[in-house]
Amino acid sequence: MKSSEPWLQTASLEEIKHGYMEEGPAYICVCCGYRTEAGIIYPEDGVLYEAARYMRVHIEKVHGSVFEYLLEQDKSVTGLSDVQRGLLSQFYEGKKDAEVQKTLGIGSASTIRNHRFVLKEKERQAKIFLALMELLKSKDTQAPAEWVAPVTRHEHTIHPNSFDITEQDREKVLNKYFPEGTVGRLTTFHMQQKHKYIVLTEIAKRFETERKYSEKQVNELLKEVHDDYVEIRRYLIDYGLLEREPDGSQYWLGSHTDQQSAKVGKQERKEKGEQEKMNRRKELQEQAKEVKTEAGVYQIRNERNGKVYIDSTLNLKTINGQRFMLQMGSHLNRRLQAEWNEYGENAFVIEVLETLKQDDNPYNDPKDALAKCLNRWFEQLEPYGDQGYHGDIKQSAE
């Protein structure tokens with residue numbers, strides 16, 4: 001998948017690491033262009049966020065993380081081989097060399113260490129190259145003011161083999177974005193590219209094979225899927241799932257559509273949708289039992305001066321990502337990042353302060369319970385000023 005997002009092309013290195021750009025009072029996601037405006041309060045799952053912090057929520061919810069989004073880009077964008085992409089993904093999860101070797105099936109643990117050295121060398125080379133290009137700017141009068149890649153936004157370049165999609169992936173994504181079944185409405189179209197492709201191939205099944213549609217007919221059909229039907233129609237065209245006449249007078253299923261799946265009859269899809277609605281509650285209950293995740297509150301503590309950074313997460317297994325962001329110099333808390341750079345990694349420890357107790361009460365809201373838990377720790381530790389890395393105002397729980 002080649003990235004042609006203008007925001008990613010024009011953002012600085014620091015803006016790419018943070019995941020958003022600032023333009024006046026607006027914050028713009030470098031992954032998809034989503035905007036928040038200063039002075040507006042954004043509600044999400046019962047929590048109110050100011051614009052900058054809500055942009056972080058958006059990036060986590062839609063893209064997973066900036067790291068994950070960048071890692072999904074095509075080799076022509078990142079310069080990474082498939083093996084290097086797999087390694088970076090495993091390192092981001094905080095896995096040890098032996099675990100990475102077992103997961104990827106590459107050589108031995110020493111092979112993984114060698115790959116780490118190669119990646120570090122690539123990082124050093126990239127720094128030198130960036131420095132050379134910066135120095136060149138003052139001398140190269142023939143260079144364009146700003147590089148912009150050809151705008152080819154997925155135009156008939158996406159093929160099913162471009163993504164490694166398993167049946168389990170499809171089921172998980174479709175259950176997430178079509179909670180009433182795949183014949184129902186889409187909850188949102190803000191999602192990472194791999195998920196977009198899965199969702200769009202499912203939407204394409206609503207079109208009949210060997211039939212021509214007018215643009216009005218296409219719009220009417222897609223209105224049943226989501227209010228932003230124009231955006232979905234554009235992506236169906238860009239991904240080659242729908243094709244059209246140059247003047248937009250006629251549309252039909254494209255060559256990239258799974259023809260066999262598209263032949264499923266309307267009645268069969270209806271019956272399948274009804275069955276999905278009946279089993280939905282049971283499936284969610286079973287999934288909740290299988291997924292063993294623990295929510296809780298953690299702190300990043302500076303052992304030299306005692307300062308702490310406190311936050312919460314619905315999955316404590318992901319807190320290693322905090323260490324990775326600090327190592328990369330991209331942590332969103334600038335005070336913490338500055339002292340990490342000053343004192344070094346060995347001066348800090350990441351500790352779980354409290355694990356949220358499991359509550360089988362169906363009316364229990366785990367996010368609300370987690371927010372209250374985080375607030376208690378803020379009140380107890382008061383991590384402000386000389387005692388911590390937070391501002392004077394208590395921060396909202398994520």
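This is a predicted model: local features need pLDDT of at least 70, side-chain atom pairs count only at pLDDT 80 or more; totals for chains, interfaces and linings use all residues.
**View 1. His331 in the loop between α15 and α16.** The loop that holds His331 runs between α15 (320–328) and α16 (334–343). Is His331 buried or exposed? His331 counts as buried because its relative accessibility is 4%, and the cut-off for buried is under 20%. The side chain of His331 makes a polar contact of 2.6 Å with the side chain of Gln322. A polar atom of the His331 side chain also lies 3.0 Å from the backbone nitrogen of Asn333. Not counting residues up to four places away in sequence, His331 touches His18, Ile300, Tyr309, Gln322, Met325, Leu326, Leu336 and Gln337.

**View 2. The buried residues of helix α12.** Helix α12 covers residues 229–238. Its buried residues are Ile232, Arg233, Tyr235, Leu236, Ile237 and Asp238. Which elements do these residues pack against? They pack against the helices α10 (193–204) and α11 (215–223), and against the strands β6 (242–244) and β7 (251–253). Gly240 follows α12 and has a positive phi, near 75°.

**View 3. Tyr92 in helix α6.** Helix α6 spans residues 82–92 and contains Tyr92. With a relative accessibility of 16%, Tyr92 counts as buried. Leaving aside neighbours within four places in sequence, Tyr92 is in contact with Ser65, Phe67, Gly321 and Phe324. How many residues apart in sequence are Tyr92 and Thr318? Tyr92 and Thr318 are 226 residues apart in sequence, while their C-alpha atoms are 9.4 Å apart in space.

Key. Residues are numbered from 1 along each chain as its sequence is written. Side-chain values use heavy atoms; hydrogens and water are left out. Helices (H or I, at least four residues) and strands (E, at least two) are DSSP runs, numbered from the N terminus. Buried means under 20% relative accessible area, exposed over 50%, partly exposed in between (1.4 Å probe, protein chains only). A polar contact is a pair of N or O atoms within 3.5 Å; within protein, one must be able to donate a hydrogen and the other to accept it, and residues adjacent in sequence count only if both atoms are side-chain atoms. Contact means heavy atoms within 4.5 Å.
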